[in-house]
Protein chains: 2
Amino acid sequence: MLTFESISKTQEFSLSLRRKGIKIALVPTMGFLHEGHMSLVKMARMHADFVMLSIFVNPTQFGPNEDFSKYPRDFEGDSELCLKHGVDLIFHPDADEMYPDLSSTWVEETILSKPLCGKSRPTHFRGVCTVVVKLFNATLPDIAIFGEKDYQQAAVIKRMVRDLNFPVKILSVPIVREHDGLAMSSRNKYLSPDERQNALAICKSLDEARKMAMEGELSSSLLAETVKLRISQAGGNIDYIEIVNSETLLPEESVSKNSLIAVAAYFGGTRLIDNCFLIHKNIEY
Amino acid sequence: MLTFESISKTQEFSLSLRRKGIKIALVPTMGFLHEGHMSLVKMARMHADFVMLSIFVNPTQFGPNEDFSKYPRDFEGDSELCLKHGVDLIFHPDADEMYPDLSSTWVEETILSKPLCGKSRPTHFRGVCTVVVKLFNATLPDIAIFGEKDYQQAAVIKRMVRDLNFPVKILSVPIVREHDGLAMSSRNKYLSPDERQNALAICKSLDEARKMAMEGELSSSLLAETVKLRISQAGGNIDYIEIVNSETLLPEESVSKNSLIAVAAYFGGTRLIDNCFLIHKNIEY
């Protein structure tokens, strides 16, 4: 397994692979890898000859009062996991390499990035789009894999890639959950044992709303209220609970087969997100 | 010579060239081609195996009261000129192809695009950066050529390419002038015979300022005043006259070898731009 830190070296290497007709997949991550990331690697392996995984904690997608400086990092552990799962190359640039002096160019998606997380994190998706373009141009992948826990992120990236004509196919992979249902996230590490237990209210209430919808309750406000109540009862501080069309991310008053319920809530100081389709047989874990 | 209108077809074709190790140059234009554009084609031929020229009048780089709808178009004439100068492929998409429904992604450079033309055309460079990224991803060039008449545009594009890690080398080509010195531009077509004559005040006054600087007059304000007076005397309506550092585009009080004088002025309804380095032996035409 190779590890590159330089953009120009990675780009040159990718160009040489492409000239040989070798198909490249990129799995962009912020590191502190878990089984969720490894499901992206598995998907990458299925669709490409050469799997690159990038590890970069991107400062521009964190707001001024968010957890950039304390975001967990473990390059050694990440490397072991990557080696074990057959990653071919880790791209691991530092911030000076990714944002050189007088860096002044931004990529912004202006519709899908506005609702949901975009409301409480107004500069987040601009940071995400910008770094993803930088990573795409550094690694020149044929395909790139994103996780569906960050559903809105995957939607924004797909739109950005379409709008800007990037020659990259975007695939997304279902949420991977802990044995008890909590959506896997590097941020779960922040949770105290009590918060960890209470945070199960998120996935359990989403599943409850899903069951209600499957049994015929199609009122978005009633379903959202149920989820809100359960999370609040467990001590969660809700950022948003919304039922939206999975393509447009616009609110839907009545549930259809395209309806997604998306949640962001704080347990202690930790912001967690989760989502599921409402007309769907189950939440798998 | 090939002509493609489809992004996906062009992209597929470029990928096949790249796999064969064929080096691609792109000359991005808005059409109504003249000898200025052909000097870009010549430079492209010198540095690449395959020369693509794009023709697309990009709506998003025109302001609401600018000349988008009346911008001159002559695809037949353009094709003949391209054929004569050895262009291998014209990429000629329409607006629906370049900006599909719900197009919502913008690329913006936020420092170099602010002064000079950016002041009077606040959304111009955002439109330019966005369309250039789309064109780069459609044609996947190794190098791209821009003209120095649009000096600020070339500077913004170079910065954007560096910031976003595009694997494209940007070359720029000196201004090509008519026999009497007027900088070549598709917009010169708008000028009446009188305006055409009066507009010579732009290049003549720039050359006068250059001569003064070469003879030791290094006060930016005095040189700019001279140019302002000459253009006003000729009936021109000045948008800006600025002496700036050619790297940062920031104003310079005193002229150095990196000083560029840049002008935008209206003759009749036509906005013309021109520029030259002040410590330089001559304006060539």
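Student: In which sense, parallel or antiparallel, do β5(A) and strand β5 (residues 105–109) of chain B pair, and over how many bridges?

Tutor: Strands of a sheet pair through backbone hydrogen bonds, either parallel or antiparallel. Here β5(A) and β5(B) pair in the antiparallel sense, over five bridges. Within this pairing, Thr105(A) stands opposite Glu109(B). Strands pair if DSSP finds at least two bridges between them; strands (E, at least two residues) and helices (H or I, at least four) are DSSP runs numbered from the N terminus. The model is predicted: local features need pLDDT of at least 70 and side-chain atom pairs pLDDT 80 or more, whereas totals for chains, interfaces and linings use all residues. Residues are numbered from 1 along each chain as its sequence is written, while chains are lettered from A and ligands numbered from 1 in the order in which they are written.

Student: How many residues does each chain give to the contact between chain A and chain B?

Tutor: Chain A contributes 29 residues and chain B 29 residues, where contact means C-beta atoms, placed from the backbone, within 7 Å. On the side of chain A, α1 (7–19), β5 (105–109), α6 (124–139) and α7 each give two or more residues. That side has 14 nonpolar, eight polar and seven charged residues. Nonpolar covers Ala, Val, Leu, Ile, Met, Phe, Trp, Tyr, Cys and Pro; charged covers Asp, Glu, Lys and Arg; the others, Gly among them, are polar.

Student: What is the strand order of the open sheet of six strands in chain B?

Tutor: The order is β1-β4-β3-β2-β6-β7, with parallel pairing. At its edges lie β1 (2–4) and β7 (169–173) of chain B, each pairing on one side only. Neighbouring strands are turned by 25 degrees against each other on average, direction ignored; axes are lines fitted to C-alpha atoms, for helices over the stretch in contact, and angles run from 0 to 180 degrees between N-to-C directions. Helix α1 (residues 7–19) of chain B packs on this sheet, touching β1, β2 (24–29), β3 and β4, with its direction at about 130 degrees to that of β1(B). Helix α7 (residues 151–163) of chain B lies across β6 (143–147) and β7, at about 170 degrees to β7(B). Strands β3 (residues 50–55) and β4 (residues 89–91) of chain B pair in the parallel sense over three bridges, and Ser54(B) stands opposite Phe91(B) there.

Student: Which pairing, parallel or antiparallel, has the open sheet of three strands in chain A?

Tutor: That sheet, in the order β8-β9-β10, has antiparallel pairing. Its edge strands are β8 (237–245) and β10 (270–277) of chain A. Eight bridges join β8(A) to strand β9 (residues 259–267) of chain A, and Asn245(A) has Ser259(A) as its bridge partner. Helix α9 (residues 200–214) of chain A lies across β9 and β10, running at about 20 degrees to β10(A). Helix α10 (residues 220–233) of chain A touches β8 and β9, its direction making about 155 degrees with that of β8(A).

How values were computed. Two residues are in contact if their C-beta atoms, placed from the backbone, lie within 7 Å.
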